[in-house]
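Keep the sequence and the 3D view at hand while reading.

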Amino acid sequence: MEDVVIVGAGIAGLATAVALKRVGVEALVLEKSDGLRTSGAGLNLFPNAWFALDALGISHKLTSLYAPCKRGYITNIDTGKTEEVSFTKMGRTEVSQELRGVHRHVLLESLAEELPKDAFRFSSRISSIVTQPQGSSSIVVLHMEDGTKIKTKALIGCDGVHSVVARWLGLSAPVSSGRWAARGLATFPEGHRFNYEFQQFITADKRAGFVPLNDKELYWFLFCKSTSCKGKDMRGNTELIQREVIESLAGDLPQVFSIIVQHSDLSTLSWAPVVFRFPWDMVFRNVSQGNITVAGDAMHPMIPYLGQNECLALEDAVVLGQQFGDLIIREKGVLTREVAGALRRYAQQRRWRAAGVMTCSYLSSIEGSGWLRKFLRDMVFNRLLLRRYINNVIHFDCGKLPCISSNMTELENERNTYHQVPISIEEMEVRTNI
């Protein structure tokens, strides 16, 4: 019987495993791939993500590698107007109060280093999920494709936008936004000479931008409704992705963006459809049922225009750690009958937070020149919600993990050992003295 099983070894899954380890709960992480999926380019981590990484105890690994961007510039190509956005909140001086671009694989490896090797089980695919009564509560039984069964007191799905666990909970499948995302890393061996500032360019049908990771590398992205790419299978064809971005998609963007894409490391380029879940799913559907829940993109896939997908995944992990930590303090262990309540409190805490950010992300993605679209984008989001978003979304502090006494977890481990293996009175006295 596992205390907790986490499905998916992405950012959400690894961060959740680290949070649980910090509060004395060992989790088993199932991953369908044959190893950690460290592919990908980079990502932007906003202040709310750094609060979460502080709570997880790994922010120092990254802040020593990546310089902060205290401000950004958003340029509307159609109007020529540029708006400056500050990522530092007035009255706050913490290092966390900044945006940093990081390598995706470095974040994953930094999280994985905190976990023991036996915490992972790779090449593990779930064929079905079954709940099984046990006394006044229930456990989860996972039937794997290789014929094995895994029993657990709690199941947390961190298995991405096409989550098996989310489907079991009854969450609707993510829908297509009609957009595609191109991402990559650009390398300048002699140095790129850009300031450490976030740059974004907006047109009627696309968003593009870049952020320095260090003195020689930049992470760039482009989101678009591409008609020129119809009928072309670009996924995996990195040379075609680069050529299509430069020759077709970036034609109306500043030339500096095309120059950056020309310097891309082809092995980092990706091309993928942008999918999302409607915010009302968070409000009206189950994100937790009994001792099963979801986190990260399995819970709240959203249009990535605001760069909050991974940030919210890190928040989810900390809140799950808080709930299990409180359970350890209160019950001195992970009791099956108490797990459902902990996951229900987690879901209640994350439901409205996720729905609000998903709504802002959707409004920010509205494109086109129709009067209603312009009203929602320019009046509702840009004038009424953007500043509030900056203050309340990216500066959100998910809190710290509870402090769990090492004596408490050692006592629980010893209690389990005594229950399972008979020992002599003399050995028990030695263990107690230690």
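Val4 stands opposite Ala154 in strand 10. This is a predicted model, in which local features need pLDDT of at least 70 and side-chain atom pairs count only at pLDDT 80 or more, while totals for chains, interfaces and linings use all residues. Residues are numbered from 1 along each chain as its sequence is written, and side-chain values use heavy atoms, with hydrogens and water left out. Helices (H or I, at least four residues) and strands (E, at least two) are DSSP runs, numbered from the N terminus.

Strand 10 covers residues 149-157. Strands of a sheet pair through backbone hydrogen bonds, either parallel or antiparallel. Here two strands are said to pair if DSSP finds at least two bridges between them. Strand 1 (residues 2-7) pairs with strand 10 in the parallel sense, over five bridges. Strand 9 (residues 137-144) runs antiparallel to strand 10, and four bridges join the two. Within strand 10, Thr152 is the bridge partner of Val140. Strands 9 and 10 form a hairpin with four residues between them, and Gly147 in the turn has a positive phi of about 95°. Strand 17 (residues 292-294) pairs with strand 10 in the parallel sense over three bridges, and there Val294 is the bridge partner of Gly157.

Seven strands form an open sheet of mixed pairing, in the order 5-4-12-13-14-11-15. Strand 5 (82-86) and strand 15 (270-276) stand at its edges with a single partner strand each, so one side of each has no neighbour in the sheet. From one strand to the next, the twist averages 20°. Inside this order, strand 12 (residues 198-202) and strand 13 (residues 206-212) run antiparallel and are joined by four bridges; Phe210 in strand 13 is the bridge partner of Gln199.

Helix 6 (residues 238-249) packs on the sheet, where it touches strand 11 (175-187), strand 13, strand 14 (217-224) and strand 15, and its direction makes about 65° with that of strand 14. Contact means heavy atoms within 4.5 Å. Helix 7 (residues 255-262) lies across strands 11, 13 and 14, running at about 115° to strand 14. Axes are lines fitted to C-alpha atoms, for helices over the stretch in contact, and angles run from 0 to 180 degrees between N-to-C directions.

Two helices also pack against each other. Helix 1 (residues 11-22) and helix 9 (residues 309-331) meet at an angle of about 25°, with their axes 8 Å apart. That makes helix 1 roughly parallel to helix 9; angles under 35 degrees count as roughly parallel, over 145 as roughly antiparallel, 65 to 115 as roughly perpendicular and the rest as oblique. Residues in the contact include Ala15 and Ala19 of helix 1 and Leu314 and Phe324 of helix 9.

Lys332 is found in the loop between helix 9 and helix 10 (336-364). Most residues other than glycine have a negative phi, whereas Lys332 has a positive phi of about 60°. At 39% relative accessibility, Lys332 counts as partly exposed.

Methods:
Buried means under 20% relative accessible area, exposed over 50%, partly exposed in between (1.4 Å probe, protein chains only).
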